[in-house]
Amino acid sequence: MRRTAILTLSALTAALVGACAYNEAPQPRSPQALQELDRYLAGKVAGPPQSCLPNYRANDMVVIDEHTVLFRDGRRVWRTEIPGGCSNLGRPGYAMVTKQFGGEGLCRGQIVQVVDTASGMVAGGCTFGDFVPFEAPRPR
């Protein structure tokens, strides 16, 4: 009997670990998300990825979908991809909550929480990827 309980617990643990396994397969974007992304990045060229975003104003953040967030900084747009996505991000009634430590802006690997604004309950969580700046090319 004890051996059966241990095997069952081991099988349950393996199933839970498998269910939480990280899947890097890119998810297809909806036509609306593609249109929104193109609206902000059209005519801009990507610069080298940065591990941290310089300080930003929260009202200059645009959620494209559960996988992509843009931060506008004047004419520059910073794009970050969220590995594995972020459940409920961008849905009405939910807000992204971050914590800033020290003088740094948001950084790669920083934990993001998605909160239900009606109840205050955490509804999802994820981490940021690199921040890629996009700017219009300079005339020569």
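Trainee: Is Phe128 buried or exposed?
Mentor: Phe128 is buried, at 2% relative accessibility. Keep in mind that this is a predicted model.

Trainee: Okay. Which ring sits with Phe131 in a tilted pair?
Mentor: That's Phe128: the two ring centres are 5.5 Å apart and the planes are at 55°, so the pair is tilted.

Trainee: And how accessible is Phe131?
Mentor: Phe131 has 0% relative accessibility, so it counts as buried.

Trainee: How many aromatic pairs does the structure hold?
Mentor: Three. One of them is Phe71 with Phe128, where the centres are 6.2 Å apart and the planes make 75°, so we call it edge-to-face.

Trainee: Why edge-to-face for Phe71 and Phe128?
Mentor: Because the cut-off for edge-to-face is over 60 degrees, and their planes are at 75°.

Trainee: Where do Phe71 and Phe128 lie along the chain?
Mentor: Phe71 is in strand 3 (residues 68-73), while Phe128 is in the loop between strand 7 (122-127) and strand 8 (131-135). The pair therefore ties together parts that are 57 residues apart in sequence. Phe71 is buried too, with a relative accessible area of 1%.

Trainee: What handedness does the Cys52 and Cys107 disulfide have?
Mentor: The torsion about its S-S bond is about 105°, so the Cys52 and Cys107 disulfide is right-handed. The link of Cys86 and Cys126 is left-handed, with -80° about the S-S bond.

Trainee: Where do Cys86 and Cys126 lie?
Mentor: Cys86 is in the loop between strand 4 (76-81) and strand 5, and Cys126 is in strand 7, so this pair joins parts 40 residues apart in sequence. Both of these cysteines, Cys86 and Cys126, are buried.

Trainee: What about Cys52, buried or exposed or in between?
Mentor: Cys52 is partly exposed, at 22% relative accessibility. Its partner Cys107 is buried, with a relative accessible area of 17%.

Trainee: Last one: what's the pairing if you number the bonded cysteines in sequence order?
Mentor: For the protein chain, the pairing comes out as 1-3, 2-4.

Notes. Residues are numbered from 1 along each chain as its sequence is written. This is a predicted model: local features need pLDDT of at least 70, side-chain atom pairs count only at pLDDT 80 or more; totals for chains, interfaces and linings use all residues. Side-chain values use heavy atoms; hydrogens and water are left out. Rings of Phe, Tyr and Trp (its six-membered ring) pair if their centres lie within 6.5 Å; planes under 30 degrees apart count as stacked, over 60 as edge-to-face and the rest as tilted. Helices (H or I, at least four residues) and strands (E, at least two) are DSSP runs, numbered from the N terminus. Buried means under 20% relative accessible area, exposed over 50%, partly exposed in between (1.4 Å probe, protein chains only). A disulfide is a pair of cysteine sulfur atoms within 2.5 Å.
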